[in-house]
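The stops below go from the whole chain to single residues.

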Amino acid sequence: MHRFEATKIVLKQIGNRPIVSNLGPTTDELWHAGHRNRNFYTWGSMGLCSSIALGMALSTDEQVVSLDGDGSLLMNLGTIASIGREKPRNLIVIVWDNEEWGQTGHQPSHTAMGTDRERVAQGCGIPRTARVTTEEQLETVLKEALTTPGPWFIVAKIEETEHLPYAPIEPEMTLYRFRATFPRASTNPLTEPWLRSKKFS
Ligand SMILES: Cc1ncc(C[n+]2csc(CCOP(=O)(O)OP(=O)(O)O)c2C)c(N)n1
Ligand SMILES: [Mg+2]
């Protein structure tokens, strides 16, 4: 299974639900597969994709999908424990596991040496986990994840191929575009009265 094709499967199934995407090829391929205002592209912030998605899931009733990477999630394994602790029923984490730090030179990651991320998730108390290796399996599991309470943790084994060109994303615009899709922030979030009156210490 290739990430680009798998990403298209995700987009086909998830309707208008928000997606948070890992830095690098995951974000680039999501943009190429289907740019939408509900794509929260991360950039540079390695390891934080599923943490951001966890925060979102705890702040909205909508289902939130995190498209993470094996190397990035390794850098922040604690977020798996936090998901297991908080158990947001509306969070679906999909880990694109190419067993390498793809963007920075294809160095083999720990999953190439035996780290089993699905068992880590199970050990952290995440109730719904899966491991998929084909597009058909991904389609089936995702269908189930979108219709049953989570949190879900899906390890999707992928084969690395040529990377697509960088997506022309601007982090600030991603934030504005994304926030504006939620009812509370239908205007510029920086000029929202409730934000302006908030005291920061
Ligand atoms: C704190 C930090 N360390 C290192 C990097 C450099 N870096 C960017 S992407 C990446 C690899 C990410 O690997 P993975 O999440 O598996 O995604 P893949 O590239 O394989 O799709 C690295 C090491 C970074 N952006 N931030
Ligand atoms: Mg990787």
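How many helices and strands does the secondary structure of the protein chain come to? The protein chain has nine helices and eight strands, where helices (H or I, at least four residues) and strands (E, at least two) are DSSP runs numbered from the N terminus. This is a predicted model, in which local features need pLDDT of at least 70 and side-chain atom pairs count only at pLDDT 80 or more, while totals for chains, interfaces and linings use all residues. Residues are numbered from 1 along each chain as its sequence is written, and chains are lettered from A and ligands numbered from 1 in the order in which they are written.

**Whole chain.** Select the C-alpha trace of the protein chain, which spans about 50 × 35 × 35 Å along its principal axes. Of the contacts with a separation of 6 or more, 70% are between residues 24 or more positions apart (contact: C-beta atoms, placed from the backbone, within 7 Å).

**Helix α3.** Select residues 49–59. Buried here are Cys49, Ser50, Ser51, Ala53, Leu54, Met56 and Ala57. A residue is buried if 20 or more other C-beta atoms lie within 10 Å of its own, exposed if 12 or fewer, and partly exposed in between, with C-beta atoms placed from the backbone.

**Ligand 1.** Select the 18 residues around ligand 1; Met46, Gly69, Gly71, Ser72 and Gly102 come nearest (near: C-beta atom, placed from the backbone, within 6 Å). Two or more residues each come from α2 (25–34), α4 and β5 (100–101). The largest share, three residues, is from α4.

**Backbone details.** Go to Gly150 and Pro151, which are joined by a cis peptide bond with omega of about 5 degrees. Pro151 is in the loop between α7 (135–147) and β8 (152–157).

Next, select Lys87, in the loop between α5 and β4. Lys87 is not a glycine, yet has a positive phi of about 50 degrees. Lys87 counts as partly exposed because it has 14 C-beta neighbours inside 10 Å.

Finish at Glu99, in the loop between β4 and β5. Glu99, also not a glycine, has a positive phi of about 60 degrees. With 19 C-beta neighbours inside 10 Å, Glu99 counts as partly exposed.

Technical notes: Two residues are in contact if their C-beta atoms, placed from the backbone, lie within 7 Å.
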